[in-house]
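Q: Hi! Could you walk me through this model? I'd like to go over it residue by residue and then as a whole.

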Amino acid sequence: MSAIRTHFLTHFKYNSSLAVQSPGRINLIGEHTDYNNGFVLPAAIDKYVEVAIGKRTDGNIHMVAIDLNKKAEVSIKNLKPHSSQWVNYIIGVVYQAIHKIDTNNSSSQLEALNNGFDICIKGNIPSGAGLSSSAAVECAVLFAINELYDLQFNKMEMALMAQKAENEFAGVKCGLMDMFASIHGQKNKVILLDCASLDFHYYPLDLTDYSIVLFDTQIKHSLASSAYNTRRLECEQGVHLIQQYHPHVKTLRDVTIEQVEKYLGPITDTPAKIYKRCKYIVSEIQRVQAAVLDLEVGAMQAFGKKMFETHEGLSKMYEVSCPELDFLVEAVKNNENVIGARMMGAGFGGCTINIIKKSALEMVTQQVAASYAQQTNKELAVYVTSIEEGTHLIK
Ligand code: GLA
């Protein structure tokens, strides 16, 4: 029996009906572009959350978080945001499921789900490292209730519902990338997602000669902190200013660099902040499209160079980096064994993502860890990651 099912049995004294594994994610390039309707290039990784689930009949949800050593119970009727955030990641998607079934008028499914469930949850994604542990929880729970009560949601519906749950119950105005990647991941493939049309395409990532390595600053970022939501607002302000001249412009996806310069640039009286934010985003959306062409022809050096450019933009123009992240990128910038590196995810802490030549992996990680410790007095956590399958049932 899998470990998660054993935990379930210990807590609930009966065998779970099914168990689900849902991964965290990396993102190769395309940062802060998802909520601007741009492109992202994420992949699911070998760190994950697992849940085991079983049906109840009394309309309640009983939850156990093994890693936190916590329990909670709520009624499935009138779900609303809870004072414990970990509970919100679970009930937030249940709320979305109920709402969706309601609008679809599927009364038999609603009746089934309203019976409630027991759920046990455990994971190994470091929290606050920018690897989307919360999205993994949301996707795992939603996937599990979808299977348990045969709710018939498809993957994209589940990703969108999980995003809404994070927006409404966890209070973070995140984009779609994390949930999308967790659910849609495929082994050894990165996924180009067009966040405007929701079209996506898998690209094989040939890691024969390279490793993807995450350097974790161990600085906990708090996404809910206002900075993320402020960046969104600043982008919207830029859109609003350009819209006055070009009414078809709905998001920064519709904007060109020339328009950014003309309507937001130094010659205008637009605040410099808005200009910098928008210039970064419009450049980054273009950069992802160019980076994918590099991947197609196996031009890994060119791809890696773009990662460094992304970091520069995130640090200087979007201003979501921090000294530790900058230090880690700087530390590998002129290292011929590191073909690309940048901060990853929302920022203000968490990890850098590095593409490192396999032959030099040990040497580089040791050097970086030593200089990081010397510089910051903090221990660097190093995760050599593999790209794995998205949310799926486990035995
Ligand atoms: C977080 C959010 C994502 C995305 C990234 C930045 O991970 O959850 O939606 O915006 O930050 O690219």
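Q: Let's start with N377: is it buried or exposed?
A: N377 is exposed, because its relative accessible area is 75%, and this is a predicted model.

Q: Where does N377 lie?
A: N377 is in the loop between α12 (361-376) and β12 (381-385).

Q: And what is the phi of N377 near?
A: Phi of N377 is near 65°, which is a positive value in a residue other than glycine.

Q: How about N78, what phi does that one have?
A: N78 has a positive phi too, about 55°, although it is not a glycine.

Q: Where is N78, and is it buried or exposed?
A: The loop between β5 (70-75) and α2 (85-104) holds N78. N78 counts as exposed because its relative accessibility is 69%, and the cut-off for exposed is over 50%.

Q: Switching to L68, where does that residue lie?
A: L68 lies in the loop between β4 (60-65) and β5. At 46% relative accessibility, L68 counts as partly exposed.

Q: What separation do the C-alpha atoms of L68 and W86 have?
A: They are separated by 9.0 Å, with the two residues 18 apart along the chain.

Q: Now L205, please. Where is its place?
A: L205 is in the loop between β8 (200-204) and β9 (210-216).

Q: Is L205 buried or exposed?
A: L205 counts as buried, because its relative accessibility is 6% and buried means under 20%.

Q: Which residues does L205 touch?
A: Not counting residues up to four places away in sequence, L205 touches N188, K189, V190, I212, L295, M300 and I387.

Q: How many residues apart are L205 and M300 in sequence, and what about in space?
A: L205 and M300 are 95 residues apart in sequence, with 9.9 Å between their C-alpha atoms.

Q: What does the domain assignment give?
A: The assignment gives domain 1 (3-204) and domain 2 (210-385). Their contact takes 35 residues from domain 1 and 46 residues from domain 2.

Q: And what separates the centres of the two domains?
A: The centres of domain 1 and domain 2, taken over C-alpha atoms, are separated by 27 Å.

Q: One more residue: where is H184?
A: H184 is in helix α6, residues 177-184. H184 is buried, with a relative accessible area of 4%.

Q: Which residues does H184 touch?
A: Leaving out residues up to four places away in sequence, H184 touches K155, M156, A159, I191, F200 and Y202.

Q: Okay, zooming out. How many helices and strands does the protein have?
A: The protein has 12 helices and 13 strands.

Q: What is the radius of gyration, and what would a compact globule have?
A: The protein has 21 Å, which agrees with the value near 21 Å that a compact globule of 395 residues would have. Along its principal axes, the C-alpha trace spans about 65 × 55 × 40 Å.

Q: What share of the residues is buried?
A: Buried residues make up 59% of the 395 residues.

Q: And the contacts, what share joins residues at least 24 apart?
A: Among contacts between residues at least 6 apart in sequence, 71% join residues at least 24 apart.

Technical notes. Residues are numbered from 1 along each chain as its sequence is written. This is a predicted model: local features need pLDDT of at least 70, side-chain atom pairs count only at pLDDT 80 or more; totals for chains, interfaces and linings use all residues. Side-chain values use heavy atoms; hydrogens and water are left out. Helices (H or I, at least four residues) and strands (E, at least two) are DSSP runs, numbered from the N terminus. The radius of gyration is taken over C-alpha atoms; the globule rule is 2.2 Å times the number of residues to the power 0.38. Buried means under 20% relative accessible area, exposed over 50%, partly exposed in between (1.4 Å probe, protein chains only). Contact means heavy atoms within 4.5 Å. Domain bounds come from an automatic or database domain assignment.
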